[in-house]
Structure formats: C-alpha cells, structure tokens
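I opened my notebook to look up a few features of this structure.

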Amino acid sequence: MADLNISMTVNGRAVEKSAAAGSRLLDFIRNDLNLTGTKEGCGAGECGTCSVFVDGVLVKSCMVPVAKADGAEIETVEGLAPRRQMTPVQRAFHKTGASQCGYCIPGMVMAASATLRENPQADLEEIKQGLGGNICRCTGYQKIFEAVELARDVINGKVPETALDEDEVGESFIGANVRRLDAPSKVTGALRYAGDMVVPTMLHLQVLRSPHAHALIKSIDTSDAEAMAGVEAVVTAADIPGEDGYGVFVHDQPTLATDKVRYVGEAIAAVAAETEALARDAVKAIKIEYEELPAVFDPHEAMSGGPILHDYAQDNVTYHVPIRKGDVEKGFAEADVIVEQDYDTQPIEHAYLEPEAGLAYEEADGTITIHSPSQNITHHRHAASRILGMPVNKIRMIMSPVGGGFGGKEDMHYQCFLALAALKSGRPVRYVFTREESIIASAKRHGFKIRYKMGLKKNGRITATEMYMVSDGGAYGCSTEGVMRKSAILAAGPYDIPNVKVDTIGVYTNNTPAGAMRAFGALQSEFSTESHLDICAEKLGLDPFEIRRINMMQDGAITHTRQKLGSVSIGQVLDEAEKVSGWESGAPTVRGPVRKDLGGDGNREPCTLVPRHTTTASPEEEVA
C-alpha cells in the first residue's frame with residue numbers, strides 16, 4: 001500500500017509528512033514527529049497513556065488511524081506549555097508527588113487538563129470520572145486526585161498560585177515535603193524511556209516465540225529471513241559465544257531456546273531489520289520443525305509422575321525449604337482443636353504500563369552498551385558478560401527510566417539477544433514489546449497451593465502449626481529459590497508458636513516462568529496465615545484481634561528460624577489497626593466492617609475443625 005500524505009497542525013505548528021498506510025495517529029506522533037511524551041501502554045485504548053487532543057477533544061491516539069486525523073489540530077503533552085515551563089496542572093502534579101514511575105503521567109495530565117477545560121469547577125467525583133479512562137499502576141491515584149483538585153483551585157483563584165511553589169525546607173529534610181527531581185520531565189513528557197530512544201542507523205528487533213508449551217526443536221531454517229532485503233541480522237542460540245543460561249538464583253534459562261522449548265512464548269530466534277514491519281515479516285519466514293512433548297501445568301502433577309522438564313531435576317523440584325521448630329506432633333496432641341484448610345493463590349501479571357524495551361549498540365572500543373529498565377542492573381551486567389563471552393568491563397548496562405516494575409523487571413530475558421543482534425549487525429538495535437508479548441513472555445508472581453494445619457487451645461493459644469506449600473515456578477528457576485526461602489522464613493507470621501513445621505517447594509511446570517513480585521513470596525504464605533487465624537478465631541468464638549494478641553511475639557521471642565528478636569512492636573501495630581479499622585472489639589465473627597470494606601460479605605468455603613487426636617495423611621504421603 002502506498003504511503004499517505006498527511007497535513008495537520010501539531011502543537012500550533014503546521015506539519016506535512018508522509019505516513020505509512022494503516023499507521024495510527026500514535027505511530028505518526030511518536031515515530032514521524034518524535035514526540036515521545038505520548039506513550040503506548042496497551043495499544044487497545046484501555047490504559048490512556050496515549051491520550052492527546054484532536055480538535056480539542058481528548059482521544060486515545062492508539063485507536064485513531066492517522067488518515068482520520070488528516071487536517072486536524074493535534075495537541076500533545078509537549079504542547080500544553082512552552083518548553084521548560086509547566087501548566088498549573090503539571091505544576092500541581094509536581095507539587096503533590098503525583099508521579100512515581102511517570103509512564104502514565106503524560107496521559108493522566110492530558111485527561112486532567114481535559115476535565116478542567118470542560119468543567120473548571122469539577123468536584124472530586126467528576127475528576128475521578130474524567131480520569132476514568134486512564135490507568136496508573138503505581139500511585140493508588142490519591143496524589144493524582146489531590147493534584148487535579150489543587151490545579152482546579154489555583155485556576156479558579158480559590159488558592160493563590162504560590163500554592164504550587166516548592167515548600168521551604170528548614171534545618172532538616174525529615175518531615176519536609178521534598179519534590180522528586182525527575183518529576184518535571186515526567187509531567188511534561190520530556191523523560192525518555194527505553195522505547196522512546198532513537199539513534200542514527202537504528203534497526204528494529206522482532207522475536208520468534210514458541211507456540212508450544214513443551215517440544216523438541218528438530219531444526220531451524222533462517223535462510224529465507226536472512227535473504228530478505230533490509231534484514232541485517234538473524235540471531236539464534238547458535239550465535240551465543242559464551243556460557244548460556246541466566247536467572248537470579250539458578251542459571252537455567254537459555255537466552256534463546258536451543259534443543260527444546262518449555263513454555264508458550266519462549267524466545268527462539270530474533271531478527272533485526274530496517275523496520276518493525278520488515279522484522280515481523282522476516283520472523284514469519286523462519287522455518288522450525290518441532291516434535292511436541294507431553295506438558296505439565298499443575299505443580300502437584302509435576303512432582304508425581306509428570307514429564308521431566310530438566311534432566312537435573314528428576315522430580316521437577318526447583319528448590320525445597322524445610323524448617324522445623326519443636327515437635328509438631330506433640331503440639332497437635334496438646335491442642336484442644338485442630339483446624340485445617342487449603343489455600344490457593346494465583347499467578348499474577350505485573351501489568352506495568354511500560355512494556356519491556358531496550359536499545360543496544362557497540363561502542364568504538366568494542367564495549368557493548370545496553371539500555372533497559374532493569375531492576376537488577378549489576379546482576380544483568382555479570383550475566384551478560386558470561387553469556388556474551390566478554391569481560392565485564394566491556395559490558396555497559398544503563399538503567400533507563402523504569403515505567404513500573406514491581407519486581408517484574410528484575411529477571412533478565414531479552415537484553416542478551418538484543419545485544420547479540422547489535423554485535424552481529426554492527427548497528428544499534430531497539431526492541432519494544434507489545435502488550436501481548438509482555439504478558440506471554442514476562443515472569444509472573446508465583447502461584448501457591450498451601451495446606452495449613454493449626455492446633456490451638458480453647459483460649460486461642462497456638463500449640464502447633466504445619467504448612468505445606470507447593471509453588472508453581474514455571475519452566476525455569478528464575479527467582480524461585482529466593483521466593484521459596486522468603487515464603488518459608490516468614491510463613492508463621494509474627495506469632496510465638498512453640499512447634500512449627502514448614503515445607504516450601506518450588507516446582508518446574510510448562511507454565512510461564514515465575515519471578516519476583518512485590519513481597520517476594522511473603523505475601524502468599526502470610527495470606528494463608530492471617531486467613532487461617534481469622535478462621536480459627538471464628539471457630540473458637542474469639543475476636544480476631546484478640547487471638548493475634550494472645551499469640552503475638554514479645555521482646556526476646558525466638559522465631560521458627562531460630563532468630564532471637566530484641567524488640568517487637570506488633571502490639572502497637574494491632575492497636576492502631578483495630579482503631580483505624582472501626583472494628584468492634586470482642587465481636588466473635590469475621591463478618592464485620594473490615595471484611596465488608598475489603599469488598600466481601602465474609603462468606604467462604606467451610607473449613608475443617610478436627611477433634612483432638614484425629615489423624616490424617618501427611619502432605620508428603622498424599623503427594624506420593
């Protein structure tokens with residue numbers, strides 16, 4: 001299809017350029033005009049990072065064909081104020097600390113500006129409605145709402161413009177409202193993330209990913225792709241010069257799949273070409289012969305006869321953390337009641353608004369430079385040195401601004417084949433994931449299956465706790481070892497329990513690899529512990545706060561990992577939590593204000609109340 005001739009006014013200036021047929025207004029703004037304040041987060045009109053004004057109307061530019069904007073007046077975040085100046089809305093975002101990662105903020109500023117242009121007196125509910133098409137994954141929105149309300153009051157003269165000025169800091173920064181140094185670049189759209197970076201002669205990377213969860217790679221034929229005009233490099237595992245394999249704890253994940261794929265979305269080959277479209281076409285031209293293998297997706301099945309995913313893990317166990325304190329059988333024998341319950345937590349997508357991206361190029365002295373939003377930059381540098389077979393002083397990793405991470409950008413999974421493409425082509429190479437690609441290929445929070453058994457006296461004192469936790473680590477080790485350790489170490493919570501038995505087991509499956517996410521394994525085990533205490537309190541007719549006070553650690557307590565604690569403040573935390581929650585003390589039920597505020601009515605699946613001395617099969621026996 002022939003290119004289109006596009007004429008429009010952008011930020012007050014006339015623009016006449018050709019645009020590729022079928023391109024979006026977002027592509028035209030970012031790629032042809034190099035106005036990268038307008039971001040792409042989803043490409044589906046859901047997140048709002050691409051918001052611009054078209055003839056004064058706020059629109060999602062990822063959903064507008066550029067041909068439909070021909071002749072229109074376009075205003076982007078860069079056009080809201082003269083360079084190095086900010087509108088009251090942008091200054092208010094700066095003042096209140098409304099920008100964290102900053103990736104959503106240009107779109108959020110556009111939506112806030114649209115809201116106040118349409119209704120200068122907008123109240124809080126109207127502001128929320130005006131921002132309803134924009135997603136923020138970092139702030140919780142409160143500071144954003146405060147910023148828009150402040151901007152509204154300044155614009156209307158209700159408060160003086162000096163309210164937007166920076167607070168004075170006295171003798172100490174402690175307790176002072178100190179602004180983020182990078183906030184002005186975020187609220188104006190000037191900050192460039194990895195996917196915004198452009199350098200001369202830059203190539204574009206696309207990746208061939210596995211359609212199979214488990215299969216042997218019988219052959220790879222890249223000849224047709226390599227023969228295409230404009231394709232400068234095709235990279236496979238055969239191009240890796242060093243010791244392949246990466247992961248935070250276990251180096252078992254290949255940069256590009258070699259003889260086998262172990263999950264849908266695993267990278268097999270990468271193509272660097274003059275355009276993204278050409279690179280995508282070249283990826284389709286690569287021929288791969290697979291031999292499909294049986295796959296396993298449930299960790300319990302993987303441990304008990306499922307297909308073996310790695311030769312060195314005959315039972316598919318990645319890592320097992322056993323912790324013992326006291327004698328749990330004795331503790332259960334001393335209990336008046338035993339409460340058992342199973343808990344499941346699901347894998348979770350991080351959904352950071354900035355999809356993974358990177359830029360790699362070779363310096364004149366042979367150093368390879370890799371820009372990426374890495375949350376573990378030193379580890380990535382040393383891994384790249386090993387994989388690329390280069391001295392570490394020839395690896396330069398630059399942490400680009402991180403547009404949301406939550407732990408998900410700690411695991412390295414594309415930086416090295418991006419660098420290989422740059423080295424093989426001799427030109428800079430940029431790679432930007434689509435949202436679909438990010439979801440299919442990035443590591444997730446570990447899903448857990450937890451079997452919980454707790455013995456208690458009638459007065460609520462815990463005599464023994466047994467936790468058997470099996471976690472889906474996905475196809476490769478990644479962060480699983482560390483997640484298993486932390487989930488086990490914090491499993492029993494801040495409670496003084498004389499007898500504890502904990503087993504945390506990470507298991508290989510053919511699911512997407514699991515990795516770091518906020519709390520790093522503690523969330524899953526603590527969710528089960530705190531939920532279990534609520535159930536036990538209800539069964540014993542005790543107040544949920546009271547059962548925690550009965551069992552909470554005191555100064556000098558010994559944890560189930562044999563650590564002696566000097567001072568413990570859990571009592572003060574419980575007092576404050578009870579006060580702010582509005583809980584009515586002494587209520588022997590979980591159906592109170594706290595449960596309702598969380599969006600539930602207190603209903604749950606029935607738990608098991610086991611009379612003392614009742615015996616059940618151990619988790620190990622049942623799995624076997």
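Strand β7 is joined to β11 by 6 bridges, and the two run antiparallel. I picked out leucine 216 and found its bridge partner in β11: glutamate 291.

This is a predicted model: local features need pLDDT of at least 70, side-chain atom pairs count only at pLDDT 80 or more, and totals for chains, interfaces and linings use all residues. Residues are numbered from 1 along each chain as its sequence is written, and side-chain values use heavy atoms, with hydrogens and water left out.

Next I looked up the sheet. It is open, with 3 strands in the order β9-β7-β11, and the pairing is antiparallel. Two strands pair if DSSP finds at least two bridges between them. β9 (260–261) and β11 (287–292) are the edge strands, pairing on one side only.

Then I turned to the largest pocket. Its volume is about 1,200 Å³. On a 1 Å grid over the protein atoms alone, a pocket is an open set of points with protein on both sides within 12 Å along at least five of seven lines; a cavity is a set where a 1.4 Å probe fits but cannot get out; lining residues have an atom within 4 Å of a point. Points are joined across faces, edges and corners, and a volume is the space filled by probe spheres set on them.

Which residues are closest to the centre of the largest pocket? I noted Arg24, Asp27, Asn31, Glu276 and Arg430, out of 39 lining residues. Helix α1 supplies the largest share of the lining, 5 residues. By class, the lining has 14 nonpolar, 12 polar and 13 charged residues. Here Ala, Val, Leu, Ile, Met, Phe, Trp, Tyr, Cys and Pro count as nonpolar, Asp, Glu, Lys and Arg as charged, and the others, Gly among them, as polar.

Last, I checked the cavities. I found 5 of 30 Å³ or more.

Where does the second largest cavity lie? Domain 2 (203–293 + 357–441) and domain 3 (299–347 + 443–535) both give residues to its lining, so it lies between them. The domain bounds come from an automatic or database domain assignment. This cavity has about 50 Å³ of space. Among its lining residues are Gln253, Asp411 and Cys478.

How values were computed
Helices (H or I, at least four residues) and strands (E, at least two) are DSSP runs, numbered from the N terminus.
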